[in-house]
Amino acid sequence: MSNPKITGYGDDLTVDGIRIGDLSPHDHENIEKEKGGQNYNPLENVVVSHVKDSSTLICRKPSVDGVAAYVEEELIDGLCCYSAVNQGQLNQEIVDAVTHHLNNEKLPTVPRSIRHKYMGAFLLASTSITGMDKVVPKVSGVESWELTFKLCRRWGYQVKQIPKNQCIIVGAKGNFHGRTVAAVSMSDDPDSRDDFGPFLPGIELVPYNDIDALESLFKAKGDRIAAYLVEPIQGEAGVIVPDPDYWPKVEKLCKEYNILLAMDEVQTGFGRTGANFAYQLFNVKPDIIGCGKAAGGGILPVSFVAGKKEIIDTLTPGSEGSTFGGYPLAAVVGVYAIKTLVDLKLADNAKVRGGQLMNYFNDIKSEFPDKIKETRGKGLLTAFEMFDEKYLDGHKVSVELLNEGVYAKETHHSTVRIAPALTIKSWQIDNMAEKLRKVIKLL
Ligand SMILES: Cc1ncc(COP(=O)(O)O)c(C=O)c1O
């Protein structure tokens, strides 16, 4: 144990004599392997350095002649931090709001036990954009999901009058809601669950997009079920879009059995799918939603739960809270994340550019019918699935795309998701699609 000596900014940032700007991609990998938990498997031989424009990153790759520590190259950001950067990297209006409020407005950091003047603005903007009665701020995406889960249980006991400790929350198979114990209790992914048990009771899973399975469960246990808590489009599962009549049927069933329809819009919200929130694509209105990722404009982790008054009002002082949930900077960033979503018409752009990208996907599928099995997507949440063959490997595609200057990542062995910033330009989509075509051709 020692007191590390830390100086400088950017490449001059130096910790105990090690200057960041002197490290090769290999050095970075070694430090991460030696000093960090191995819970990610990052793309090899590349380190992101800084932003060039809203959809382009500058990254460092090993120098081929070995003279320099690295060479810098452009990388189209085809993932935008798993849809956290819908507003584009370093969105200028959000950056200006942050720097202005810190430098000029002298923004304090205070918890929720004392009021601050920006909370009102955040609540006004977030209830307005969601069309919900009330909002509770949190920090990460999984926290918004977990608070939604807790609120559904509370509503189940206090409003629906489910007997104590008998409440059931229904989820969908293949879901992804994050990494807390509650979220992995609902997961059916062995990688997320192995040796993290025992898990939370009171959870049942149904196959996604199967209305009959849901109805059978509601018939059997509906008096104990508080909510169906689910993604409107499954993101991590590989962009699974349900049948057009699924959500209207689910909504009807939920009403019939007095069960809440609770949606996790952490990945699908904030314009990603071509509507401000994905449920709007299906003409339904959930009772409660959880938002995160782009709710912080790609700058700060900001999340929130938005719902009907009778659900949110089950919260009482002391029953919930979070030190940084809704603190002044998060409130300001949250307001500006919504302002840019509206002013830049991000949902409309996602619809148009998403259509353009899907056309390319479909062209590539027609050109290589033995390689691409299916293309899926709404707005700029898109994916293509390859046939289950050894040589059609999602990770290989990600690596080859990286060599071509596109950052994308497989969600499963054979599925690659592409979800760029919603500010992406037409020519950048053309560019990305051409590189994709080249990579698929060479597989
Ligand atoms: C649908 C959904 N819910 C929740 C989460 C968790 O968000 P976070 O990683 O910010 O906790 C994610 C993350 O990918 C997600 O896709």
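Is leucine 13 buried, exposed or partly exposed? With 31% relative accessibility, leucine 13 counts as partly exposed; the cut-offs are under 20% relative accessible area for buried, over 50% for exposed and partly exposed in between (1.4 Å probe, protein chains only). The model is predicted, so local features need pLDDT of at least 70 and side-chain atom pairs count only at pLDDT 80 or more, while totals for chains, interfaces and linings use all residues. Residues are numbered from 1 along each chain as its sequence is written, and side-chain values use heavy atoms, with hydrogens and water left out.

**The sheet at S1, S2 and S3**

- Three strands make an open sheet here, in the order S1-S2-S3 and with antiparallel pairing.
- S1 (6–7) and S3 (18–19) are the edge strands, each with a single partner, so one side of each has no neighbour in the sheet.
- Strands are DSSP runs of E with at least two residues, helices are runs of H or I with at least four, and both are numbered from the N terminus.
- Two strands count as paired if DSSP finds at least two bridges between them.
- S2 (residues 14–15) is joined to S3 by two bridges, in the antiparallel sense.
- Valine 15 has isoleucine 18 of S3 as its bridge partner.
- Leucine 13 sits in the loop between S1 and S2.

**Surface patches**

- Leu13 turns up again with Ile6 and Val15, as these residues make a nonpolar surface patch of about 230 Å².
- There is also a patch of negative charge on the surface, where Asp188, Asp189, Asp191, Asp194 and Asp195 gather.
- To belong to a patch, a residue needs over 30% relative accessible area and no salt bridge; like charges are joined within 9 Å, and nonpolar side chains (Val, Leu, Ile, Met, Phe, Trp, Tyr) within 5 Å.
- A salt bridge here is a side-chain nitrogen of Lys or Arg within 4 Å of a carboxyl oxygen of Asp or Glu.
- Aspartate 191 belongs to helix H7 (residues 190–193).
- Its relative accessibility is 69%, so aspartate 191 counts as exposed.

- Glycine 197 and proline 198 are linked by a cis peptide bond, with omega near 5 degrees.
- Proline 198 falls in the loop between H7 and strand S9 (203–206).
- Asparagine 45 is not a glycine, yet its phi is positive, at about 60 degrees.
- You'll find asparagine 45 in the loop between helix H1 (25–35) and strand S4 (47–53), and asparagine 45 is partly exposed at a relative accessible area of 41%.
- Asparagine 209, another residue other than glycine, has a positive phi near 65 degrees.
- Asparagine 209 lies in the loop between S9 and helix H8 (211–221), where it counts as partly exposed at 26% relative accessibility.

**Strand S18 and its partners**

- S18 (residues 415–418) is covered on both faces: Thr415 and Arg417 are buried on one side, and Val416 and Ile418 are buried on the other.
- S15 (residues 381–386) runs antiparallel to S18, and four bridges join them.
- On that side, alanine 383 has arginine 417 of S18 as its bridge partner.
- S17 (residues 409–412) also pairs with S18 in the antiparallel sense, over three bridges.
- Histidine 412 has threonine 415 of S18 as its bridge partner, and a hairpin of two residues leads from S17 to S18.

Terms used: Accessible areas come from the Shrake-Rupley method with a 1.4 Å probe; for residues, only the protein chains shown count as cover. Lys and Arg count as positive and Asp and Glu as negative; His and the chain ends are not counted. The place of a charge is taken as NZ of Lys, CZ of Arg, CG of Asp or CD of Glu.
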